Amino acid sequence: MSRCMGGGAWVRGLACGFMVFVGAALSADDENPVAPPAQPAAPGQPPAQPPAQPPAKAPEAGAAENPAPGDAAQPVQALAITAVNVEEKTRRVVVSGAADVPDGTLLLASLLFGNFPASFGRCQVAKGKFQVSFDPMTKRLLNGVYLIQVEFRAEDQDSAVMSRLPPGVQIAAARQEVPVGDPTEQEQDRKVVREKLLNAMAATGRLYRELHQQAGFAFASAVVLKRKGKGQIEAADKKRVYETFDRYCRGMWEERFMAVKMDFRDYHDNVMVPLYPEIEQGMETLFSLMQKWYASYWADVCKRLDVELPERMVAEAGFSRAEIEPEIDSTAARIYRDFGIKGQPEEWVVVSLSEGERGTVEGDKYGSRTTKFEVTKPGDAWEFDFTPVNPSIRVRIVPKDPALKKIVGIGIEIKDFPECNSFADLARVTEIFSAERWRGYKKIDCKDVQAPDPTMPGGIRPGYEIFCQSEAVEGKDDKGQEIKGQYRIRDYELFCRWKKRTYGVVCLARPDRFPEFAKAFDKVAQSFRVLDAPLHGEEAPK
């Protein structure tokens, strides 16, 4: 591209190329403080005389520093972009231009995407020309139309350059739009990035909710154990509750939180410009708050148990959870509003065992308002038990006969698997989870479940069922040795429509008594319903 530029008397046209300004600023006492530019002289010849025209009038002394209203100098057009080349494979942008300013002038170049700077570059004017490039290097320029801006800044210049320019001169920036990649694919890029960021937010919300549940269980356990010990918790009980919480935090929470942050930063660090700058900045703030909140939760758990805080938590444990949680909630809400999403997504709805289940018992049926399911107990000989025993167990169905409680039980369990993306994924992790959780696990049988559900596509809710055998520690003998008992397990799992959660009916009984309770187990499993359809007030992860 080539264009002519006009300005004051000190700037000449660009009909045959740019001329370098060679006039010098004179002192304020001179009658003509600024000389117009002269035509370049031939080698060995004296400089040509300037054309006969009135020279530009120099600003009065001090005018540049204190201009009168309405007297500000108009920017002169001394910079022009003459060519822009975008390398197709690397998306390296090379900008060439001409400048009617002294050699050695420093120019600042910016590559803008909307109002966000994607990259910066600097170059020096030589022989009336400049060239600068924006190199993606390890980062990537997304599809779209970018704006190139090349500008002169007085604060960047040395005294030699400034001495050759009129006092207070203003030079207009050169600007030009340039398409990078295929601008028609920009909307698709935005959809992909939006989905990626929303997935990261959903995973963070699940971690937020789960830690509330796990810590809530530790809190509830501490309260029960203190009552049992008349104000003191026995050392063995402290150790058990602490290790259960620590095992979850190390093996599940910390690894998953790190994976979410790394995935986000891998994207963020590999693009030159964010498509959602406010949202991404908000997510960075959210991750920082979550790390502090996690450490503060650890401090609260250890305080309840009267044990020392893990060394890895000490550095970040000086924050108040009561102060951080409102910040997390408001930051998450602001991010979702910036996405155009109203309300609190399901992943961020906190279900804490310290609060317990909320629902309604009508005869033999229980309907959960908290975690959205309903189930029917086998009959009058059974009862619902809402005592917290495990963060994922929402309610137990147990015999009223105290003797039978030791050999049989049913639990309604909910587990989240944020890494899953299909029903097949859920089936696979269900089997892996069962093999890892049950001590001495021996698989007997497994099969797919096709449960009738009119709210699901095709009227069928997928699931998975596992029959296995496990051993459990029932106590210790006089010598302190563990007494182990065998149990047979029926794990009947239904999958949530969003492919991220399983709802299970876990039935346990001694192997020799299992057939006796098989019909009761079957009645509970057949009555089990998942209420995650929008008509029940449950929304899809955004």
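A: Happy to. Strand β2 (residues 93–99) and β5 run antiparallel and are joined by 6 bridges; strands here are DSSP runs of E with at least two residues, helices are runs of H or I with at least four, and both are numbered from the N terminus. Two strands count as paired if DSSP finds at least two bridges between them. This is a predicted model, in which local features need pLDDT of at least 70, side-chain atom pairs count only at pLDDT 80 or more, and totals for chains, interfaces and linings use all residues. Residues are numbered from 1 along each chain as its sequence is written, and side-chain values use heavy atoms, leaving out hydrogens and water.

Within β5, Val 132 is the bridge partner of Val 95. Both strands belong to an open sheet of 3 strands, ordered β1-β2-β5 with antiparallel pairing. Its edge strands, β1 (79–86) and β5 (129–134), each pair on one side only.

Now to the helices. Ala 427 lies in helix α8 (residues 423–437). With a relative accessible area of 13%, Ala 427 is buried (under 20% is buried, over 50% exposed, in between partly exposed, with a 1.4 Å probe and protein chains only). Leaving aside residues up to four places away in sequence, Ala 427 touches Tyr 464 and Phe 495, where contact means heavy atoms within 4.5 Å. Ala 427 and Phe 495 are 68 residues apart along the chain, yet their C-alpha atoms are separated by 8.6 Å.
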